[in-house]
Amino acid sequence: MKQVLKLTKAFIWEHKAIYLVWLLLLGTQSLVLYLYDQTQAILGDTLLFSCLIIFSYTLVAFSRWQRKLKQLQLLQTNFSHELLPSSSSQVERLYQQIAEELEQKLVAELEHSRLKKQEMLEDFGIWLHQVKTPVSALDLLIQAQGNDPKMRAELFKINEYLQLMLNYLRQQLDNSDLVFEQVALDQVIKEVLKKYALFFAQKGLRVEFVDLDTKVTTDKKWLIFILEQLIFNAIKYTNTGTITFIFNGDHLAIKDTGIGIKSQDIPRVFEKGFTGYNGRQDQRASGLGLYLSQKVALKLGCKLELTSKIGQGTTVKVYFPKYYK
């Protein structure tokens, strides 16, 4: 009821000129009839017919106005030429023409921007693949010269950063690369840990598993990507101690005994390009790992949370939307 009264008030206000003219004509007509000493019956009939005419006009005009208003409200969320209400004046036709021209310009600009961005990302992707060729050659050289562990570790890091950028490009270009299935969490974690075995051995880090005999519904490839970023960060900033994996109800917690993160840096760790105090000390942090991990997690219906204390370590929690024991 309140909505109807509000719409009626808005309609009368928009058409106030018509109602003011009607009142003026009605008053003038009544005054003329009174001056010519017409009977009260004639005056009453004149008022009655005049009110009937304006009431009929109001019903028809209000119905059209309300229909046009609904069409315009639909246009706010989804602009379409088919939704444009029929114009009832030259001014409205001009407004519609301007709106259509602006919409065409906006679509053209967005398409141009999208193509430029896609072209740039594709060129960057080609460059990354080209860089992988000399990296592979370096790998062969290291193997030929005795397979030095330190050199292999540094080469591995180069490959990881290149893979990080390739995944970043995939996120920008492809939003449909998701295949959901039930995944054994302990198997996925062990698969990632095997990849980083060299770093665990170099630093003498221990690994602990707690309640990981669980299956989660997710995309395995992108879950592995998230775990790679989180585990690599845990290794990088943990010099001694243990990295613990705990599944607790609806989330996986990855807890390390590393150097920790400053409290003022924690709210920004998932921002794009943010490296914080530790990243500035390291000089090689890209500020993309946690940003991409959170972005991918949200696409999977997951969420990342991070807590940390200086000198005590960091805990990152991966919350899953649904899990199966």
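The model is predicted, so to speak of local features takes a pLDDT of at least 70, side-chain atom pairs count only at pLDDT 80 or more, and totals for chains, interfaces and linings use all residues. Residues are numbered from 1 along each chain as its sequence is written, and side-chain values use heavy atoms, with hydrogens and water left out.

Arg268 has a partner in Glu271: the two form a salt bridge with the closest N and O atoms 3.0 Å apart, the term meaning a side-chain nitrogen of Lys or Arg within 4 Å of a carboxyl oxygen of Asp or Glu. Glu271 is partly exposed too, at 35% relative accessibility. A search of the whole structure turns up four salt bridges. Among them is Lys220 with Glu191, at 3.8 Å between the closest N and O atoms. That pair links distant parts of the chain, 29 residues apart, with Lys220 in helix α8 and Glu191 in helix α6 (residues 185-195); helices (H or I, at least four residues) and strands (E, at least two) are DSSP runs, numbered from the N terminus. Lys195 and Glu228 also meet in a salt bridge, 2.9 Å from N to O, and they too join α6 to α8, across 33 residues. Here Lys195 is partly exposed at 30%, whereas Glu228 is buried at 11%.

Leaving aside residues up to four places away in sequence, Tyr196 touches Phe156, Glu160, Glu228, Ile231, Phe232 and Ile235, contact being heavy atoms within 4.5 Å.

On to the strands. Four of the five residues of β5 (residues 251-255) are buried, so the strand is largely enclosed by the rest of the structure. Strand β5 pairs in the antiparallel sense with β4 (residues 242-248) over five bridges, and with β7 (residues 313-319) over five bridges as well; pairing requires at least two DSSP bridges between two strands. His251 is the bridge partner of Asn248 and stands opposite Tyr319 in β7.

Note on methods
Buried means under 20% relative accessible area, exposed over 50%, partly exposed in between (1.4 Å probe, protein chains only).
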